[in-house]
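Please look at the structure before reading on.

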Amino acid sequence: MNNLNMKIKDLFKTDIIKKKNVFIISDKSQNYNQQQTNDAFSDKWRKYNQEDINQKEKLFKLQKKWYLKLYNFSNEKELQSYLRTKKIILDAGCGLGYKAKWFADLSPNSLVIAMDYSDAIFFAAKEYKKKKNLVFVKNDLADTKIKKNLIDYISCDQVIHHTENPQKTMKEFNRILKTNSELAVYVYAKKSLPRELIDDHFRNKSKLTSKIEMWKFSKQVTELGKRLSELKIDIDVPEISLLGIKAGKMNIQRFIYWNFLKCYWNEELGKQTSLSINYDWYSPSNAFRYHKDEFEKLLVNANFKISKYHSEEACHAGRFLKIQ
Ligand SMILES: C[S@@+](CC[C@H](N)C(=O)[O-])C[C@H]1O[C@@H](n2cnc3c(N)ncnc32)[C@H](O)[C@@H]1O
């Protein structure tokens, strides 16, 4: 066994096996919704991983730019200086692993642990197998099995709302983080009433619907988004407070998107990426949404305090300090 393998096993309070470059702690959830969510992501990432590299690179670039904004780093250099002060970094829910690889590149002396519960972890481990300071773990974030007070930075980007019990996951993050270290976390924001009702409908329906049907449906809403966007029409929306619809001039596609039906379309990212983003929205049965005060409660209950806060239409996010 080489030094890195020994070092990794030392971080966990359980025995772990290694398969295809991945440390496996838990392969499957006993919980129906969590396992359905894992399956939905395995399916999404398997398909998306086969996409044209240029399409993927475009998305990764856009996502990295957004990451800096969400977590209040003024540029990549600032993120780099920040990461270089961290010994162990956890990318909690790494998906295809490109952000974990980014962190590992920016901070070569840190050890980056990339953890995910879906099969995406195998694709990530294959893609980045040459990266010496990056390791891959298949496991549930709600029970990481990492020893307590060990991690210097947790990045949980667009993930915690997919875990079975986000409050439990947040407490687990507190347990494994060093005191006065930061958690970067993002949750979906609650939207207008019609959009929330339709979203809830799909959270239930996706469990009963085959993946083929969900892809078909996602294709249809992607096409709707494209056609609406091509109209290039703005409308002056009146406030409809009881429905949570805000006043203002808006493109018709964005108006329908935010208030009624997620029908994502981004010309620059292209058809396959837009499709995959719509599938990602409708398919996992775990996808909780939060008002700002609900998100704050989640943090306070797990003993975190705001360090940097960022809110936008889609989400609440920021960096939060473990206070004890
Ligand atoms: C929307 S993706 C985000 C991936 C990545 N953080 C990114 O920004 O590209 C959500 C990821 O969370 C993972 N996930 C959901 N629940 C999880 C859990 N309980 N434990 C570990 N990973 C989980 C999914 O498998 C999926 O890869």
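The axes of α9 and helix α10 (residues 252-259) come within 7 Å and cross at roughly 140°. Axes here are lines fitted to C-alpha atoms, for helices over the stretch in contact, and angles run from 0 to 180 degrees between N-to-C directions. Helices (H or I, at least four residues) and strands (E, at least two) are DSSP runs, numbered from the N terminus. This is a predicted model, in which local features need pLDDT of at least 70, side-chain atom pairs count only at pLDDT 80 or more, and totals for chains, interfaces and linings use all residues. Residues are numbered from 1 along each chain as its sequence is written.

α9 and α10 are therefore oblique to each other (under 35 degrees counts as roughly parallel, over 145 as roughly antiparallel, 65 to 115 as roughly perpendicular and the rest as oblique). In α9, Gly225, Leu228, Ser229 and Leu231 meet Ile252, Gln253, Ile256 and Tyr257 of α10; contact means C-beta atoms, placed from the backbone, within 7 Å.

Helix α9 (residues 211-231) also crosses helix α11 (residues 271-282).

| Helix pair | Axes come within | Crossing angle |
|---|---|---|
| α9 and α10 | 7 Å | roughly 140° |
| α9 and α11 | 9 Å | roughly 120° |

By class, the contact of α9 with α11 has seven nonpolar, five polar and two charged residues. Ala, Val, Leu, Ile, Met, Phe, Trp, Tyr, Cys and Pro count as nonpolar, Asp, Glu, Lys and Arg as charged, and the others, Gly among them, as polar.

Next comes the ligand. Of the 22 residues around the ligand, Phe41, Gly93, Gly95, Tyr117 and Ser118 come nearest; a residue counts if its C-beta atom, placed from the backbone, lies within 6 Å. The elements giving two or more residues to this shell are α2 (32-49) and β4 (111-116). α2 gives the most, with four residues.

Overall, the protein has twelve helices and twelve strands.

Notes. Contact = placed C-beta atoms within 7 Å.
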